[in-house]
Amino acid sequence: MEKLLYPLFRSVFGREPEEAVAMTGSGSHRQYFRLTAGECTAVGVVGTDADENRAFLALDNHFASKGIRVPQVLAVSGDGMCYLQEDLGMELLYDRVAHGRESGEYDPQERALLCRAMAALPKIQFEGGAGLDWSVCYPEPAFGERMVNFDLNYFKYCFLKATGLEFNEARLQDDFDRFRADLLEDMGQTFLYRDFQARNVMVRDDELYFIDFQGGRRGPIYYDVASFVWQARARYPETLRQEMIAAYLKALKAYVPDVDEEAFREKLRLFVLFRTLQVLGTYGFRGYFEKKPHFLASVPFAMDNLRALVRTPFTAYPYLNGILTKLTTMSQFYETADDRRLEVSIFSFAYKKGIPVDRSGNGGGYVFDCRAINNPGKFEYYRQFNGMDAEVIKFLEDDGGILQFLEHAYALVDPHVKRFIERKFTHLQVAFGCTGGQHRSVYCAEHLAEHLRRRFDVRITVYHRELDIEKIM
(Lines give C-alpha, C1' and ligand atoms only; values in the text may rest on other atoms or scores of the structure.)
Protein backbone atom coordinates (compact mmCIF):
# COMPACT_ATOMS: atom_id res chain seq x y z
CA MET A 1 0.00 0.00 0.00
CA GLU A 2 2.80 2.41 0.92
CA LYS A 3 4.35 1.99 -2.54
CA LEU A 4 1.48 4.09 -3.93
CA LEU A 5 3.17 7.01 -2.18
CA TYR A 6 6.65 6.50 -3.66
CA PRO A 7 6.02 8.49 -6.87
CA LEU A 8 4.80 11.44 -4.78
CA PHE A 9 7.90 11.28 -2.58
CA ARG A 10 10.16 11.20 -5.65
CA SER A 11 8.34 14.18 -7.18
CA VAL A 12 8.96 16.26 -4.05
CA PHE A 13 12.44 15.15 -2.95
CA GLY A 14 13.90 13.78 -6.18
CA ARG A 15 14.87 10.49 -4.56
CA GLU A 16 13.43 7.14 -3.58
CA PRO A 17 12.24 6.71 0.02
CA GLU A 18 14.56 4.48 2.06
CA GLU A 19 11.95 3.58 4.64
CA ALA A 20 8.16 3.63 4.95
CA VAL A 21 6.78 3.01 8.44
CA ALA A 22 3.06 2.56 9.10
CA MET A 23 1.65 5.09 11.58
CA THR A 24 -1.38 5.01 13.85
CA GLY A 25 -4.32 6.34 11.86
CA SER A 26 -7.35 8.44 12.64
CA GLY A 27 -10.89 7.24 13.11
CA SER A 28 -11.33 6.71 9.36
CA HIS A 29 -9.95 3.88 7.21
CA ARG A 30 -7.17 6.02 5.76
CA GLN A 31 -3.64 4.63 6.16
CA TYR A 32 -0.69 6.76 7.22
CA PHE A 33 3.00 6.18 6.56
CA ARG A 34 6.13 8.08 7.52
CA LEU A 35 8.47 8.07 4.52
CA THR A 36 12.14 8.96 4.94
CA ALA A 37 15.30 9.21 2.87
CA GLY A 38 18.24 10.65 4.77
CA GLU A 39 17.02 13.96 6.21
CA CYS A 40 14.05 14.06 3.85
CA THR A 41 10.84 13.07 5.59
CA ALA A 42 7.12 13.33 4.91
CA VAL A 43 3.85 11.75 5.96
CA GLY A 44 1.96 9.92 3.24
CA VAL A 45 -1.77 9.21 3.31
CA VAL A 46 -3.60 6.54 1.34
CA GLY A 47 -7.33 7.13 1.45
CA THR A 48 -10.28 4.85 0.75
CA ASP A 49 -12.86 7.57 0.12
CA ALA A 50 -12.27 10.19 -2.56
CA ASP A 51 -14.78 12.61 -1.02
CA GLU A 52 -13.08 12.43 2.37
CA ASN A 53 -9.71 13.13 0.77
CA ARG A 54 -11.12 16.06 -1.20
CA ALA A 55 -12.58 17.50 2.00
CA PHE A 56 -9.25 17.32 3.81
CA LEU A 57 -7.29 18.83 0.92
CA ALA A 58 -9.77 21.68 0.41
CA LEU A 59 -9.97 22.48 4.13
CA ASP A 60 -6.20 22.27 4.56
CA ASN A 61 -5.63 24.71 1.72
CA HIS A 62 -8.32 27.08 3.02
CA PHE A 63 -7.00 27.03 6.61
CA ALA A 64 -3.40 27.60 5.47
CA SER A 65 -4.58 30.67 3.52
CA LYS A 66 -6.02 32.02 6.79
CA GLY A 67 -2.78 31.56 8.72
CA ILE A 68 -4.07 28.57 10.69
CA ARG A 69 -1.28 26.08 11.45
CA VAL A 70 -2.07 22.90 9.55
CA PRO A 71 0.24 20.41 7.78
CA GLN A 72 1.38 21.63 4.37
CA VAL A 73 0.30 19.34 1.53
CA LEU A 74 3.33 18.60 -0.65
CA ALA A 75 1.86 16.48 -3.45
CA VAL A 76 -1.40 14.80 -4.47
CA SER A 77 -1.88 11.80 -6.77
CA GLY A 78 -3.79 12.25 -10.02
CA ASP A 79 -6.83 10.35 -8.75
CA GLY A 80 -6.79 12.21 -5.43
CA MET A 81 -6.62 8.99 -3.42
CA CYS A 82 -3.09 9.56 -2.07
CA TYR A 83 -1.24 12.63 -0.89
CA LEU A 84 1.97 13.64 0.84
CA GLN A 85 2.14 16.21 3.62
CA GLU A 86 4.87 17.73 5.73
CA ASP A 87 6.05 15.71 8.71
CA LEU A 88 5.13 17.57 11.90
CA GLY A 89 7.04 15.14 14.09
CA MET A 90 5.86 12.64 16.67
CA GLU A 91 4.59 14.75 19.55
CA LEU A 92 0.88 15.11 20.16
CA LEU A 93 -0.56 17.51 22.71
CA TYR A 94 -2.13 14.38 24.19
CA ASP A 95 1.38 13.06 24.93
CA ARG A 96 2.62 16.36 26.31
CA VAL A 97 -0.05 16.28 29.02
CA ALA A 98 0.33 12.57 29.83
CA HIS A 99 1.62 13.23 33.36
CA GLY A 100 -1.49 15.18 34.29
CA ARG A 101 -3.80 12.59 32.74
CA GLU A 102 -2.14 9.74 34.61
CA SER A 103 -1.59 11.46 37.95
CA GLY A 104 -4.80 13.47 38.07
CA GLU A 105 -2.96 16.75 38.63
CA TYR A 106 -1.89 18.85 35.64
CA ASP A 107 1.22 20.96 36.16
CA PRO A 108 1.43 24.64 35.08
CA GLN A 109 3.13 23.80 31.76
CA GLU A 110 0.46 21.27 30.84
CA ARG A 111 -2.31 23.66 31.81
CA ALA A 112 -0.74 26.44 29.73
CA LEU A 113 -0.54 24.21 26.63
CA LEU A 114 -4.15 23.12 26.95
CA CYS A 115 -5.29 26.71 27.38
CA ARG A 116 -3.27 27.73 24.32
CA ALA A 117 -5.10 25.11 22.28
CA MET A 118 -8.44 26.45 23.47
CA ALA A 119 -7.37 30.03 22.74
CA ALA A 120 -6.53 28.97 19.16
CA LEU A 121 -9.99 27.49 18.55
CA PRO A 122 -11.97 30.70 17.81
CA LYS A 123 -9.62 31.52 14.92
CA ILE A 124 -10.28 28.09 13.40
CA GLN A 125 -14.03 28.50 13.89
CA PHE A 126 -14.46 32.07 12.66
CA GLU A 127 -11.62 32.66 10.20
CA GLY A 128 -11.73 29.05 9.09
CA GLY A 129 -15.42 29.45 8.33
CA ALA A 130 -15.09 32.80 6.57
CA GLY A 131 -15.33 32.35 2.80
CA LEU A 132 -15.32 28.57 3.01
CA ASP A 133 -17.25 26.66 0.37
CA TRP A 134 -19.30 24.45 2.71
CA SER A 135 -20.11 22.04 -0.10
CA VAL A 136 -16.60 20.55 0.21
CA CYS A 137 -17.35 19.30 3.73
CA TYR A 138 -17.65 15.56 4.25
CA PRO A 139 -20.04 13.82 4.67
CA GLU A 140 -22.44 16.72 5.39
CA PRO A 141 -22.02 20.46 4.77
CA ALA A 142 -23.57 21.42 8.12
CA PHE A 143 -24.44 20.27 11.61
CA GLY A 144 -28.16 19.68 11.22
CA GLU A 145 -31.20 17.68 12.17
CA ARG A 146 -30.00 14.45 10.59
CA MET A 147 -26.64 14.57 12.35
CA VAL A 148 -28.28 15.15 15.73
CA ASN A 149 -30.76 12.32 15.10
CA PHE A 150 -27.96 9.95 14.07
CA ASP A 151 -26.02 10.60 17.28
CA LEU A 152 -29.00 10.47 19.64
CA ASN A 153 -30.14 7.21 18.09
CA TYR A 154 -26.59 5.91 18.28
CA PHE A 155 -26.73 6.51 22.03
CA LYS A 156 -30.19 4.97 22.36
CA TYR A 157 -29.64 1.79 20.36
CA CYS A 158 -25.93 1.11 20.89
CA PHE A 159 -25.63 2.07 24.55
CA LEU A 160 -28.88 2.65 26.39
CA LYS A 161 -30.64 -0.50 25.17
CA ALA A 162 -27.50 -2.57 25.74
CA THR A 163 -27.48 -1.66 29.46
CA GLY A 164 -30.81 -3.42 30.01
CA LEU A 165 -32.37 -0.31 31.55
CA GLU A 166 -36.07 -0.19 30.68
CA PHE A 167 -37.49 3.03 29.26
CA ASN A 168 -40.47 4.41 27.36
CA GLU A 169 -39.18 5.04 23.86
CA ALA A 170 -41.96 7.44 22.91
CA ARG A 171 -41.43 9.66 25.95
CA LEU A 172 -37.69 9.61 25.40
CA GLN A 173 -38.19 10.66 21.78
CA ASP A 174 -40.32 13.61 22.90
CA ASP A 175 -37.39 14.90 24.94
CA PHE A 176 -34.95 14.11 22.13
CA ASP A 177 -37.05 16.31 19.82
CA ARG A 178 -36.95 19.23 22.27
CA PHE A 179 -33.24 18.70 22.86
CA ARG A 180 -32.50 18.68 19.11
CA ALA A 181 -34.41 21.94 18.59
CA ASP A 182 -32.38 23.64 21.32
CA LEU A 183 -29.08 22.38 19.89
CA LEU A 184 -29.91 23.71 16.42
CA GLU A 185 -31.01 27.14 17.63
CA ASP A 186 -27.74 29.01 17.02
CA MET A 187 -25.91 27.67 13.96
CA GLY A 188 -23.86 30.62 12.71
CA GLN A 189 -21.38 30.60 9.82
CA THR A 190 -18.58 29.08 11.86
CA PHE A 191 -16.49 25.96 11.29
CA LEU A 192 -17.25 22.96 13.51
CA TYR A 193 -14.09 20.85 13.78
CA ARG A 194 -16.12 17.80 14.88
CA ASP A 195 -13.22 16.02 16.63
CA PHE A 196 -11.32 18.78 18.38
CA GLN A 197 -9.27 17.03 21.07
CA ALA A 198 -5.69 16.76 22.34
CA ARG A 199 -4.93 13.80 20.04
CA ASN A 200 -5.58 16.05 17.02
CA VAL A 201 -3.20 18.81 18.08
CA MET A 202 0.51 18.40 17.40
CA VAL A 203 3.38 20.24 19.06
CA ARG A 204 6.42 21.19 16.98
CA ASP A 205 9.00 23.72 18.12
CA ASP A 206 6.55 24.71 20.85
CA GLU A 207 3.93 25.67 18.26
CA LEU A 208 0.52 23.98 17.99
CA TYR A 209 -0.60 22.45 14.69
CA PHE A 210 -4.04 21.04 13.92
CA ILE A 211 -4.78 17.76 12.12
CA ASP A 212 -7.69 15.42 11.28
CA PHE A 213 -10.30 18.08 10.58
CA GLN A 214 -11.66 16.41 7.45
CA GLY A 215 -14.98 15.61 9.17
CA GLY A 216 -15.63 19.30 9.92
CA ARG A 217 -18.59 21.32 8.66
CA ARG A 218 -20.60 24.46 9.39
CA GLY A 219 -21.93 24.41 12.91
CA PRO A 220 -22.21 26.02 16.37
CA ILE A 221 -19.10 26.99 18.30
CA TYR A 222 -20.13 25.16 21.49
CA TYR A 223 -19.62 21.68 20.06
CA ASP A 224 -15.84 21.87 19.78
CA VAL A 225 -15.45 23.44 23.23
CA ALA A 226 -17.43 20.54 24.70
CA SER A 227 -15.40 17.99 22.71
CA PHE A 228 -12.06 19.28 23.96
CA VAL A 229 -12.79 20.24 27.55
CA TRP A 230 -14.96 17.22 28.37
CA GLN A 231 -12.93 14.61 26.49
CA ALA A 232 -13.77 11.54 28.59
CA ARG A 233 -10.43 9.87 29.23
CA ALA A 234 -8.55 13.16 29.68
CA ARG A 235 -10.15 13.45 33.14
CA TYR A 236 -9.52 17.19 33.43
CA PRO A 237 -10.27 18.49 36.94
CA GLU A 238 -13.00 21.11 37.16
CA THR A 239 -10.56 23.92 37.92
CA LEU A 240 -8.65 23.19 34.70
CA ARG A 241 -11.87 22.99 32.71
CA GLN A 242 -12.79 26.45 33.89
CA GLU A 243 -9.31 27.76 32.99
CA MET A 244 -9.67 26.38 29.46
CA ILE A 245 -13.14 27.87 29.04
CA ALA A 246 -11.84 31.23 30.29
CA ALA A 247 -8.98 31.08 27.74
CA TYR A 248 -11.49 30.31 24.98
CA LEU A 249 -13.85 33.12 25.98
CA LYS A 250 -11.01 35.64 26.10
CA ALA A 251 -9.98 34.69 22.54
CA LEU A 252 -13.61 34.59 21.40
CA LYS A 253 -14.01 38.30 22.17
CA ALA A 254 -11.83 39.11 19.17
CA TYR A 255 -14.74 37.80 17.05
CA VAL A 256 -17.74 38.39 19.36
CA PRO A 257 -16.84 41.46 21.47
CA ASP A 258 -20.11 41.50 23.41
CA VAL A 259 -20.32 37.77 24.15
CA ASP A 260 -22.79 36.97 26.94
CA GLU A 261 -20.70 34.60 29.04
CA GLU A 262 -23.61 33.37 31.15
CA ALA A 263 -25.68 32.52 28.07
CA PHE A 264 -22.62 30.92 26.48
CA ARG A 265 -22.12 28.60 29.46
CA GLU A 266 -25.80 27.64 29.51
CA LYS A 267 -25.70 26.67 25.85
CA LEU A 268 -22.35 24.94 26.24
CA ARG A 269 -23.87 22.70 28.91
CA LEU A 270 -26.35 21.34 26.35
CA PHE A 271 -23.52 20.48 23.97
CA VAL A 272 -21.55 18.83 26.75
CA LEU A 273 -24.57 16.60 27.31
CA PHE A 274 -24.96 15.92 23.58
CA ARG A 275 -21.26 15.12 23.15
CA THR A 276 -21.34 12.82 26.20
CA LEU A 277 -24.31 10.88 24.79
CA GLN A 278 -22.56 10.64 21.43
CA VAL A 279 -19.39 9.29 23.08
CA LEU A 280 -21.38 6.72 25.08
CA GLY A 281 -23.01 5.58 21.84
CA THR A 282 -19.57 5.06 20.30
CA TYR A 283 -18.26 3.22 23.36
CA GLY A 284 -21.38 1.05 23.38
CA PHE A 285 -21.07 0.09 19.73
CA ARG A 286 -17.34 -0.60 19.88
CA GLY A 287 -17.59 -2.39 23.21
CA TYR A 288 -20.91 -4.24 23.33
CA PHE A 289 -21.23 -5.05 19.63
CA GLU A 290 -17.66 -5.15 18.31
CA LYS A 291 -16.43 -6.71 21.59
CA LYS A 292 -13.50 -4.33 22.03
CA PRO A 293 -12.82 -4.15 25.80
CA HIS A 294 -10.82 -0.91 25.56
CA PHE A 295 -14.01 0.98 24.74
CA LEU A 296 -15.97 -0.57 27.60
CA ALA A 297 -13.12 0.41 29.92
CA SER A 298 -13.68 4.01 28.83
CA VAL A 299 -17.39 4.05 29.73
CA PRO A 300 -16.93 4.98 33.43
CA PHE A 301 -14.92 8.07 32.46
CA ALA A 302 -17.74 9.31 30.21
CA MET A 303 -20.19 8.34 32.94
CA ASP A 304 -18.27 10.54 35.40
CA ASN A 305 -18.93 13.49 33.06
CA LEU A 306 -22.60 12.54 32.87
CA ARG A 307 -22.85 12.14 36.65
CA ALA A 308 -21.51 15.67 37.14
CA LEU A 309 -23.88 17.06 34.51
CA VAL A 310 -27.10 15.68 36.00
CA ARG A 311 -26.30 17.03 39.44
CA THR A 312 -28.02 20.10 38.02
CA PRO A 313 -31.15 18.62 36.40
CA PHE A 314 -32.01 19.29 32.76
CA THR A 315 -35.54 20.42 33.57
CA ALA A 316 -36.44 21.04 29.91
CA TYR A 317 -36.06 17.30 29.25
CA PRO A 318 -37.49 15.64 32.38
CA TYR A 319 -37.83 12.10 31.06
CA LEU A 320 -34.35 12.09 29.52
CA ASN A 321 -32.94 13.54 32.74
CA GLY A 322 -34.57 10.76 34.75
CA ILE A 323 -33.16 8.04 32.49
CA LEU A 324 -29.67 9.54 32.63
CA THR A 325 -29.84 9.81 36.42
CA LYS A 326 -30.71 6.11 36.62
CA LEU A 327 -27.82 5.27 34.31
CA THR A 328 -25.34 7.07 36.55
CA THR A 329 -26.37 4.94 39.55
CA MET A 330 -25.79 1.58 37.81
CA SER A 331 -22.95 -0.17 39.62
CA GLN A 332 -21.21 -1.48 36.48
CA PHE A 333 -20.29 2.07 35.48
CA TYR A 334 -18.31 3.02 38.55
CA GLU A 335 -15.11 1.07 38.11
CA THR A 336 -13.04 -0.71 35.51
CA ALA A 337 -9.91 -2.80 35.78
CA ASP A 338 -7.71 0.07 34.62
CA ASP A 339 -9.32 2.70 36.85
CA ARG A 340 -6.71 2.80 39.60
CA ARG A 341 -7.42 6.33 40.73
CA LEU A 342 -7.15 7.16 44.39
CA GLU A 343 -10.46 6.62 46.19
CA VAL A 344 -11.28 9.14 48.92
CA SER A 345 -13.96 8.09 51.40
CA ILE A 346 -15.49 11.00 53.29
CA PHE A 347 -17.68 10.41 56.35
CA SER A 348 -19.93 12.50 58.55
CA PHE A 349 -20.71 10.98 61.94
CA ALA A 350 -21.84 11.57 65.53
CA TYR A 351 -19.13 11.20 68.16
CA LYS A 352 -21.53 9.52 70.57
CA LYS A 353 -21.76 6.61 68.11
CA GLY A 354 -18.02 6.31 67.57
CA ILE A 355 -15.55 7.17 64.81
CA PRO A 356 -16.22 5.32 61.51
CA VAL A 357 -14.19 2.19 60.85
CA ASP A 358 -11.76 2.41 57.91
CA ARG A 359 -13.37 0.12 55.30
CA SER A 360 -10.25 -0.08 53.16
CA GLY A 361 -8.24 -1.89 55.81
CA ASN A 362 -5.37 0.55 55.35
CA GLY A 363 -5.95 2.47 58.57
CA GLY A 364 -5.02 6.11 58.96
CA GLY A 365 -6.61 9.15 57.39
CA TYR A 366 -8.00 12.31 58.97
CA VAL A 367 -10.68 12.81 61.61
CA PHE A 368 -11.83 16.40 62.11
CA ASP A 369 -13.83 17.48 65.16
CA CYS A 370 -16.52 20.02 64.16
CA ARG A 371 -17.98 20.47 67.65
CA ALA A 372 -16.30 23.85 68.23
CA ILE A 373 -18.36 25.32 65.38
CA ASN A 374 -21.62 27.07 66.26
CA ASN A 375 -24.28 24.32 66.34
CA PRO A 376 -27.60 24.89 64.50
CA GLY A 377 -28.95 21.80 66.29
CA LYS A 378 -29.30 23.88 69.47
CA PHE A 379 -32.26 25.60 67.85
CA GLU A 380 -35.56 23.79 67.41
CA TYR A 381 -36.15 25.23 63.93
CA TYR A 382 -33.00 23.64 62.44
CA ARG A 383 -33.59 20.13 63.84
CA GLN A 384 -35.80 19.26 60.86
CA PHE A 385 -32.93 19.99 58.44
CA ASN A 386 -29.44 18.64 57.77
CA GLY A 387 -26.16 20.08 56.49
CA MET A 388 -27.22 19.75 52.85
CA ASP A 389 -30.29 21.97 53.30
CA ALA A 390 -30.18 25.65 52.38
CA GLU A 391 -31.41 26.75 55.81
CA VAL A 392 -28.50 25.07 57.61
CA ILE A 393 -25.98 26.16 54.99
CA LYS A 394 -27.01 29.80 55.43
CA PHE A 395 -26.83 29.52 59.23
CA LEU A 396 -23.32 28.07 59.17
CA GLU A 397 -21.93 30.38 56.50
CA ASP A 398 -23.43 33.53 58.04
CA ASP A 399 -21.59 32.68 61.24
CA GLY A 400 -18.38 32.21 59.24
CA GLY A 401 -16.55 29.87 61.58
CA ILE A 402 -17.11 26.82 59.43
CA LEU A 403 -15.52 28.45 56.38
CA GLN A 404 -12.29 29.12 58.25
CA PHE A 405 -12.40 25.61 59.71
CA LEU A 406 -12.68 24.09 56.23
CA GLU A 407 -9.81 26.17 54.86
CA HIS A 408 -7.57 24.57 57.48
CA ALA A 409 -8.94 21.13 56.59
CA TYR A 410 -8.29 21.71 52.88
CA ALA A 411 -4.72 22.81 53.64
CA LEU A 412 -4.09 19.46 55.35
CA VAL A 413 -5.98 17.14 53.01
CA ASP A 414 -4.88 18.60 49.64
CA PRO A 415 -1.15 17.80 49.92
CA HIS A 416 -2.06 14.39 51.36
CA VAL A 417 -4.21 13.60 48.29
CA LYS A 418 -1.52 14.88 45.93
CA ARG A 419 1.14 12.72 47.60
CA PHE A 420 -1.09 9.64 47.62
CA ILE A 421 -1.73 10.08 43.87
CA GLU A 422 2.00 10.40 43.19
CA ARG A 423 2.74 7.25 45.22
CA LYS A 424 -0.17 5.41 43.56
CA PHE A 425 -1.93 4.70 46.85
CA THR A 426 -5.47 3.43 46.47
CA HIS A 427 -7.42 4.85 49.40
CA LEU A 428 -7.68 7.76 51.81
CA GLN A 429 -10.36 8.27 54.46
CA VAL A 430 -11.47 11.59 55.91
CA ALA A 431 -14.15 11.89 58.60
CA PHE A 432 -15.96 14.86 60.13
CA GLY A 433 -17.65 14.40 63.49
CA CYS A 434 -20.09 16.55 65.44
CA THR A 435 -22.65 16.04 68.18
CA GLY A 436 -25.48 14.48 66.17
CA GLY A 437 -23.89 13.82 62.76
CA GLN A 438 -26.64 15.85 61.10
CA HIS A 439 -25.57 19.45 60.51
CA ARG A 440 -21.94 20.58 60.83
CA SER A 441 -20.26 17.28 59.93
CA VAL A 442 -22.59 16.78 56.95
CA TYR A 443 -21.87 20.29 55.65
CA CYS A 444 -18.10 19.73 55.96
CA ALA A 445 -18.15 16.31 54.29
CA GLU A 446 -20.16 17.66 51.35
CA HIS A 447 -17.91 20.67 50.86
CA LEU A 448 -14.67 18.70 51.09
CA ALA A 449 -16.02 16.25 48.50
CA GLU A 450 -16.87 19.07 46.10
CA HIS A 451 -13.51 20.76 46.74
CA LEU A 452 -11.57 17.57 45.94
CA ARG A 453 -13.76 16.80 42.91
CA ARG A 454 -12.90 20.16 41.40
CA ARG A 455 -9.18 19.96 42.16
CA PHE A 456 -8.17 16.32 41.64
CA ASP A 457 -9.05 13.37 39.44
CA VAL A 458 -10.02 10.98 42.23
CA ARG A 459 -12.96 8.73 43.01
CA ILE A 460 -15.00 10.13 45.89
CA THR A 461 -17.58 8.37 48.04
CA VAL A 462 -19.48 10.29 50.72
CA TYR A 463 -21.07 8.46 53.66
CA HIS A 464 -23.41 10.38 55.94
CA ARG A 465 -23.57 7.62 58.52
CA GLU A 466 -26.23 8.98 60.84
CA LEU A 467 -28.47 10.02 57.91
CA ASP A 468 -27.98 6.61 56.25
CA ILE A 469 -26.94 8.29 52.97
CA GLU A 470 -24.18 7.05 50.68
CA LYS A 471 -23.33 8.66 47.36
CA ILE A 472 -20.59 8.69 44.78
CA MET A 473 -19.38 12.02 43.41
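Predicted model: local features only at pLDDT ≥ 70, side-chain atom pairs only at ≥ 80, totals over all residues.

Biologist: In which sense do strand 10 and strand 13 pair, and over how many bridges?

Modeller: Strand 10 covers residues 343-350 and strand 13 covers residues 459-464. Along this pairing S345 stands opposite T461, and F347 stands opposite Y463. The sense is parallel, and the pairing extends over 6 bridges.

Biologist: What is the order of the strands in the open sheet?

Modeller: The sheet has 5 strands with mixed pairing. Its edge strands, each pairing on one side only, are strand 11 (366-369) and strand 14 (469-472). On average, neighbouring strands of this sheet are turned by 15° against each other, direction ignored. The order is 11-12-10-13-14.

Biologist: Which helix packs on this sheet?

Modeller: The helix in question touches strand 10, strand 12 (427-434), strand 13 and strand 14. Its direction makes about 170° with that of strand 10. It comprises residues 440-455 and is helix 15.

**Aromatic pairs**

Biologist: How many aromatic pairs does the structure hold, and what angle lies between the planes of F56 and F213?

Modeller: The structure holds 33 aromatic pairs. F56 and F213 form one that is stacked, 5.0 Å centre to centre. This pair links distant parts of the chain, 157 residues apart: F56 lies in helix 2 (residues 50-65), and F213 in the loop between strand 8 (207-210) and strand 9 (217-218). The angle between their planes is 15°.

Biologist: Are F56 and F213 buried or exposed?

Modeller: Buried means under 20% relative accessible area. The value for F56 is 3%, and that for F213 is 0%. Both values fall under the limit, so F56 and F213 are buried.

Biologist: Why is the pair of F347 and Y463 called stacked?

Modeller: The centres of the two rings are 4.6 Å apart. F347 belongs to strand 10 and Y463 to strand 13, 116 residues apart, and both are buried. Planes under 30 degrees apart count as stacked. The pair is therefore stacked, because its planes are at 15°.

Biologist: Which residues are linked by ring pairs into a cluster?

Modeller: Both F56 and F213, the stacked pair discussed above, belong to this cluster. The residues linked by ring pairs are F56, F63, Y83, F191, Y193, F196, F210, F213 and F228.

**Other sites**

Biologist: Where is N200, and which residues are in contact with it?

Modeller: N200 lies in the loop between strand 6 (191-192) and strand 7 (201-204). With a relative accessible area of 5%, N200 is buried. Leaving aside neighbours within four places in sequence, its contacts are Y193, D195, Y209, F210, I211 and D212.

Biologist: How far apart in space are R180 and N149?

Modeller: R180 is in helix 7 (residues 169-183) and is buried, with a relative accessible area of 14%. Not counting residues up to four places away in sequence, R180 touches E145, V148, N149 and Q173. R180 and N149 are 31 residues apart in sequence, while their C-alpha to C-alpha distance is 7.7 Å.

Biologist: Which residue with a positive phi follows helix 5?

Modeller: Helix 5 (residues 108-129) has 22 residues and reaches 32 Å from its first C-alpha to its last. At its start, a side-chain oxygen of D107 reaches to within 3.0 Å of the backbone nitrogen of Q109. The residue that follows helix 5, with a phi near 75°, is G131.

Notes
Residues numbered from 1 in each chain as written. Heavy atoms only, no water. Pairing = 2+ DSSP bridges. Helix = DSSP H or I, 4+ residues; strand = E, 2+ residues; numbered from the N terminus. Axes fitted to C-alpha atoms, helices over the stretch in contact; angles between N-to-C directions. Contact = heavy atoms within 4.5 Å. Expected span 1.5 Å × (residues − 1). Polar contact = N/O pair within 3.5 Å; in protein donor to acceptor, adjacent residues only side chain to side chain. Buried < 20%, exposed > 50% of the residue type's maximum accessible area, 1.4 Å probe, protein only. Phe/Tyr/Trp six-rings, centres within 6.5 Å; stacked < 30°, edge-to-face > 60°.
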